[in-house]
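Dear colleague,

Here is the structure I said I would pass on to you.

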Protein chains: 2
Amino acid sequence: MPTTSHEHDTLLARRQRALSPSYRLFYEEPIHAIRGEGVWIYDAEGRRYLDAYNNVPVVGHCHPHVVEQMVRQASVLNTHTRYLTDKPIELAERLLGTMPPELGSVIFTNSGSEANDLAVRISRLVTGNSGIIVTDCAYHGTTDLLSGLSPVTGLPTGPGVFTVSLPLKMTDAAEFRVLVRGALDNMHEAGIKPAALLVDTIFGSDGAVSDPAGFLKDAVDDVRREGGLFIADEVQPGFGRTGAGMWGFARHGVVPDIVTMGKPMGNGYPVASAVLRRELADAFGRHQRYFNTFGGSTVGCVVALAVLDVIQNESLIAHAAETGAYLKDGLQNLCDRHDVFTDLRGTGLFLGVQTPSGDIAARIVNALRRAGVLIGAAGRGNAALKIRPPLPISRSDADYLIGTIEDVLRKDIEGA
Amino acid sequence: MPTTSHEHDTLLARRQRALSPSYRLFYEEPIHAIRGEGVWIYDAEGRRYLDAYNNVPVVGHCHPHVVEQMVRQASVLNTHTRYLTDKPIELAERLLGTMPPELGSVIFTNSGSEANDLAVRISRLVTGNSGIIVTDCAYHGTTDLLSGLSPVTGLPTGPGVFTVSLPLKMTDAAEFRVLVRGALDNMHEAGIKPAALLVDTIFGSDGAVSDPAGFLKDAVDDVRREGGLFIADEVQPGFGRTGAGMWGFARHGVVPDIVTMGKPMGNGYPVASAVLRRELADAFGRHQRYFNTFGGSTVGCVVALAVLDVIQNESLIAHAAETGAYLKDGLQNLCDRHDVFTDLRGTGLFLGVQTPSGDIAARIVNALRRAGVLIGAAGRGNAALKIRPPLPISRSDADYLIGTIEDVLRKDIEGA
């Protein structure tokens with residue numbers, strides 16, 4: 001039954017009354033979502049939208065295998081890690097099997113925020129140092145600690161936090177090394193030593209800065225030489241999104257000290273994790289216990305195992321590489337023919353298209369929403385289009401996406 | 001199929017290999033849990049245990065209505081709050097309907113930790129002050145900020161954190177006021193003003209300090225007079241556990257500025273919330289956005305609505321009051337006849353039985369586990385028995401619990 005405009009307005013008014021004003025809706029005309037399936041979201045008026053934005057439903061909205069496993073386990077047992085249960089162990093082993101052998105120890109949390117908060121805390125405890133380096137458009141989560149490590153939010157950086165201003169286009173891997181070297185020098189001047197370099201390995205909130213692959217390596221070596229760790233925030237690139245393996249750090253030829261993951265891990269079920277080098281976990285475990293009530297709970301682990309099943313059974317990493325390359329070709333073609341697209345970045349199914357301004361990006365995003373395609377904006381001034389669909393997006397979906405973008409550019413942007 | 005001792009050992013060894021050493025198992029002989037139903041947990045050997053410990057499965061393990069609603073929604077849509085969806089609004093309205101009218105604005109998170117972290121952050125932002133008062137056996141969560149507000153963990157308190165040493169038995173409500181007054185004085189001496197008094201309103205980690213009801217009120221008034229807020233951490237007492245209404249603060253005749261909730265909210269599904277006075281939410285929302293990827297997601301909200309349904313339909317608050325009183329009478333009878341039980345505290349279905357030492361409490365807890373009953377220990381030195389079953393525990397279950405405790409006292413403690 002279609003929602004009338006009156007019903008829509010009533011729902012909006014109820015929302016504004018009951019939820020905090022800190023909440024924001026996407027789009028000038030918010031979407032009243034009532035159903036999701038695969039790469040499609042349906043609204044209350046029966047209209048469907050190609051979801052080219054959401055990385056959480058990584059194997060597709062409401063994937064039947066994931067739902068089935070969730071139900072099966074929820075009917076039998078859902079308890080915590082202070083009892084001995086098989087599922088957290090199975091999941092930990094499966095995750096470790098996707099990683100270099102140095103990464104040997106798993107801690108479960110509920111969100112990427114909890115995982116990053118813990119990773120930073122461990123890095124400071126274990127190194128005895130306090131300095132953290134992040135990019136100046138970084139986003140790492142919602143906790144008090146992480147709000148000081150997420151300058152893209154506009155909040156002030158926390159004590160001991162040093163930022164590097166990432167260029168959107170690097171021709172030489174050495175450029176990043178020089179930037180991090182500068183942050184280390186600033187740290188020294190402040191009498192601080194590095195605890196960690198913390199980066200999202202696809203630099204999603206910076207606008208998808210992927211190349212040249214390998215640009216992290218030398219900088220990580222420098223940080224380590226001064227006693228700091230490398231924390232790879234895989235909340236965005238993890239679970240096959242880059243098409244170049246399960247984790248974003250693989251493209252950079254570097255083994256992190258701590259890997260954090262979240263959003264796509266449970267295809268929408270809240271489950272997340274920090275994976276540590278064994279000796280770090282030992283050092284942390286000697287000092288502190290850590291119990292997270294829901295972290296590693298039976299249902300969350302079963303759901304995460306189901307997501308790993310689907311990624312494997314549906315060959316979604318290879319699919320992300322192939323469809324991502326196809327989509328990138330199509331977007332490159334648009335870049336070549338439309339001045340409003342000034343740059344194209346990203347890899348696999350995380351792509352960033354640079355526009356001249358946040359205003360233009362917002363106009364494109366809202367016009368696409370009206371035309372039935374959902375994307376977002378990111379990067380400095382929100383000037384980059386963020387294209388990050390569920391992994392099972394097909395070539396014909398990609399054609400539809402590219403075709404709709406071109407229509408919007410012609411009618412709503414260039415024709416305006 | 002029963003697990004052999006060899007299989008049990010193999011699982012333990014795999015766990016120790018794959019999970020961080022910061023994990024700990026309950027009991028000298030850990031329980032290999034494979035099924036939960038109502039107030040019972042079943043192990044791999046087919047043995048059942050009366051669960052008199054877990055508050056997370058508040059309406060009973062694997063409650064069919066909760067599972068059914070979870071599945072129904074997970075098959076249709078699970079998305080975030082940046083689209084307009086009905087469920088977070090419905091849930092926010094239902095929660096607000098259980099609270100005094102001053103509390104008017106909801107923010108969803110994944111865990112009580114995320115809710116408390118946010119509440120403290122908001123209290124500091126809105127008051128412009130930094131001082132936080134907690135009890136010296138408090139536990140408020142796992143984030144970096146909260147580890148400094150959870151002295152029971154043995155971790156150092158954070159900057160601006162002042163503790164009060166709660167007496168286990170207060171004869172006069174003024175005692176707590178005097179303690180908080182002392183903390184405020186210590187704050188003044190340090191040149192700091194109060195942002196908040198943060199307490200679990202059943203003082204669970206302090207050993208269940210419930211009486212005299214109302215002892216919070218004057219202290220809260222004093223904190224407010226100096227510009228601070230009152231944050232009621234309802235992660236433990238919330239959702240009817242005290243039997244005296246939905247929230248623990250009700251017994252104290254005080255209206256909080258912020259209420260946080262978590263554990264029982266989704267009966268095991270990770271969903272949590274902070275509920276704020278409207279003017280605080282407005283002040284926070286003016287300064288900052290707050291987006292939590294899974295917080296307020298469709299399935300989490302539907303599950304929380306289902307939990308509220310069950311609490312209402314099965315009259316679990318009245319049941320907690322009646323069965324809690326019955327259980328407390330039985331425990332009082334044990335206290336009267338067994339010297340090892342030196343005090344009884346708590347209300348509804350959160351009860352604390354004081355023993356002379358953590359060693360004795362641990363012996364009782366482990367003997368009960370062998371006898372088929374699960375409880376825990378809490379409070380200073382872990383010397384208090386923590387009895388906190390799922391709310392649907394019956395009178396005959398309570399009889400079984402009391403009978404088993406008496407057997408254990410006779411055979412394993414007094415006979416030892």
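In chain A of this predicted model, helix α11 (residues 358-371) packs against helix α12 (residues 395-414) at an angle of about 115 degrees, and the two axes are 9 Å apart. The crossing of α11(A) with α12(A) is right-handed. On the α11(A) side the contact is made by A:I360, A:R363, A:I364, A:A367, A:L368 and A:A371, while α12(A) contributes A:T404, A:I405, A:D407, A:V408, A:D412 and A:I413. Sorted by class, the residues of this contact are eight nonpolar, one polar and three charged.

The crossing of α10(B) and α12(B) is right-handed. From α10(B), the residues B:T323, B:Y326, B:L327, B:G330, B:L331 and B:L334 meet B:R395, B:A398, B:I402, B:I405 and B:E406 of α12(B), and by class this contact has seven nonpolar, two polar and two charged residues.

Turning to the domains, chain A is assigned a domain 1, made of 5-59 + 314-414, and a domain 2, covering 64-313, and the C-alpha centres of these two domains of chain A lie 25 Å apart. Their contact takes 27 residues from domain 1 of chain A and 32 residues from domain 2 of chain A. On the domain 1 side, α10 (316-337), β11 (343-347), β12 (350-354) and β15 (384-387) of chain A each supply at least two residues, and the largest share, five residues, comes from α10(A). That side of domain 1 of chain A divides into 14 nonpolar, eight polar and five charged residues.

Finally, the contact between the chains takes 73 residues from chain A and 73 residues from chain B. Elements of chain A that give two or more residues to the side touching chain B include α1 (5-18), β1 (33-37), α2 (64-74), α3 (86-96) and β4 (103-109), and the largest share, six residues, comes from α3(A). The residues on this side of chain A divide into 38 nonpolar, 21 polar and 14 charged.

With best wishes

Key. Residues are numbered from 1 along each chain as its sequence is written. Chains are lettered from A and ligands numbered from 1 in the order in which they are written. This is a predicted model: local features need pLDDT of at least 70, side-chain atom pairs count only at pLDDT 80 or more; totals for chains, interfaces and linings use all residues. Domain bounds come from an automatic or database domain assignment. Two residues are in contact if their C-beta atoms, placed from the backbone, lie within 7 Å. Helices (H or I, at least four residues) and strands (E, at least two) are DSSP runs, numbered from the N terminus. Ala, Val, Leu, Ile, Met, Phe, Trp, Tyr, Cys and Pro count as nonpolar, Asp, Glu, Lys and Arg as charged, and the others, Gly among them, as polar. A crossing is left-handed if the near helix is turned anticlockwise from the far one by less than a right angle, and right-handed if clockwise. Axes are lines fitted to C-alpha atoms, for helices over the stretch in contact, and angles run from 0 to 180 degrees between N-to-C directions.
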